[in-house]
Amino acid sequence: MEDEESKANQMTVTKLILAADHYATVCPAIARHYMDQAEEIKLKIGTAASPRTQICEFCKTIWRPGNHRILLIPRMQLTKSIRKMLKRQKCGNKIGKLKERLLSLYLDGRNRQVIICSVCKKRTKILAAVRPSTQAVTKETGKQQKIRNKGLRNRKDLAKSTKKKGNSERSAKQVFGAKKSLIDGFREKFGLQPLKKK
């Protein structure tokens with residue numbers, strides 16, 4: 001008997017969800033009513049509720065283009081106050097509840113997605129991407145870092161060499177000589193006489 005009842009309940013839930021999905025664009029009020037009934041039956045059965053990414057948890061509106069707005073709240077950045085809080089926490093000093101909450105938001109390192117329902121005007125917050133840990137560094141990133149460091153060293157060496165007077169004078173002469181030979185080449189190509197040396 002119980003198996004039959006649970007199967008019947010599951011069937012009604014699927015029918016209600018399909019009907020709500022059909023009416024979501026045609027008549028949102030009926031869709032909300034069907035979704036509300038489906039969620040009530042789900043609670044009675046003990047199955048998982050619909051995800052917050054698909055429906056509004058307050059008015060049971062199925063998300064469709066035009067009936068909601070999405071905002072992205074970026075993850076917390078490391079500020080002076082958070083640095084101070086981290087130092088205090090390391091020392092073992094007590095921190096207030098608000099500061100504790102701010103620290104937990106920073107340490108969590110997630111972006112937050114906020115969906116604003118246009119029917120009930122309430123906000124649904126969903127946690128998004130996590131900040132990657134500094135310890136989890138792959139071999140490839142290590143190689144890339146080495147290559148980057150080599151490139152920086154080469155640039156520094158070049159900068160040092162050009163700072164020296166002798167090298168800079170020689171390079172200027174070489175550049176001027178190359179330009180002169182190019183000009184002479186063009187003149188010969190078009191049948192003009194080469195430039196006279198002063």
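Predicted model: local features only at pLDDT ≥ 70, side-chain atom pairs only at ≥ 80, totals over all residues.
Of its 198 residues, 17% count as buried, while the chain as a whole exposes about 16400 Å², of which carbon and sulfur atoms supply 56%. Among the contacts between residues at least 6 apart in sequence, 49% join residues that are at least 24 apart.

One place to begin looking at individual residues is strand S3, which spans residues 123-130 and includes Thr-124. Thr-124 has a relative accessible area of 0% and is therefore buried, the limit for that class being under 20%. If residues up to four places away in sequence are left aside, Thr-124 touches Arg-52, Glu-57, Phe-58, Trp-63, Gln-113, Val-114 and Ile-115.

Charge on the surface is the next topic. Lys-80, Arg-83, Lys-84, Lys-87, Arg-88, Lys-90 and Lys-99 gather there in a patch of positive charge. Helix H3, covering residues 80-91, gives this patch its largest share, namely six residues. Lys-84 has its place in helix H3, and its relative accessible area of 60% makes this lysine exposed. Asp-3 belongs to helix H1 and is exposed, with a relative accessible area of 59%.

Side chains of opposite charge can pair when their charged atoms come close. A search of the whole structure finds four salt bridges, and several of them can be followed in detail. In one of them Asp-21 is joined to Arg-64, with the closest N and O atoms 2.3 Å apart. Because Asp-21 lies in helix H1 (residues 2-26) whereas Arg-64 lies in the loop between helix H2 (28-45) and strand S1 (68-73), the pair ties together parts that are 43 residues apart in sequence. Asp-21 counts as partly exposed, at 40% relative accessibility, and Arg-64 is likewise described as partly exposed, with a relative accessible area of 24%.

Another salt bridge is made by the side chains of Lys-42 and Glu-39, at 3.9 Å from N to O. Here both residues lie in helix H2, three residues apart, which is about one turn of the helix. Asp-108 is partly exposed, its relative accessible area being 32%, and Arg-110 counts as partly exposed at 25% relative accessibility.

Helix H2 also holds Pro-28, which counts as partly exposed at 39% relative accessibility. Although Pro-28 and Val-119 are 91 residues apart along the chain, their C-alpha atoms are separated by 9.6 Å.

The backbone provides a last point to examine. Most residues other than glycine have a negative phi, and most peptide bonds are trans. Against that background, Lys-60 has a positive phi of about 65° although it is not a glycine. Lys-60 lies in the loop between H2 and S1 and counts as buried, at 15% relative accessibility. Lys-121 has a positive phi as well, of about 60°, and again is not a glycine. Lys-121 is found in the loop between strand S2 (110-117) and S3, and at 61% relative accessibility Lys-121 counts as exposed.

Key: Residues numbered from 1 in each chain as written. Heavy atoms only, no water. Buried < 20%, exposed > 50% of the residue type's maximum accessible area, 1.4 Å probe, protein only. Contact = heavy atoms within 4.5 Å. Areas by Shrake-Rupley, 256 points an atom, 1.4 Å probe, with all protein chains shown as cover. Helix = DSSP H or I, 4+ residues; strand = E, 2+ residues; numbered from the N terminus. Patch = residues over 30% accessible without salt bridge, like charges linked within 9 Å, V, L, I, M, F, W, Y side chains within 5 Å. Lys, Arg positive; Asp, Glu negative; His and termini not counted. Charge placed at Lys NZ, Arg CZ, Asp CG, Glu CD.
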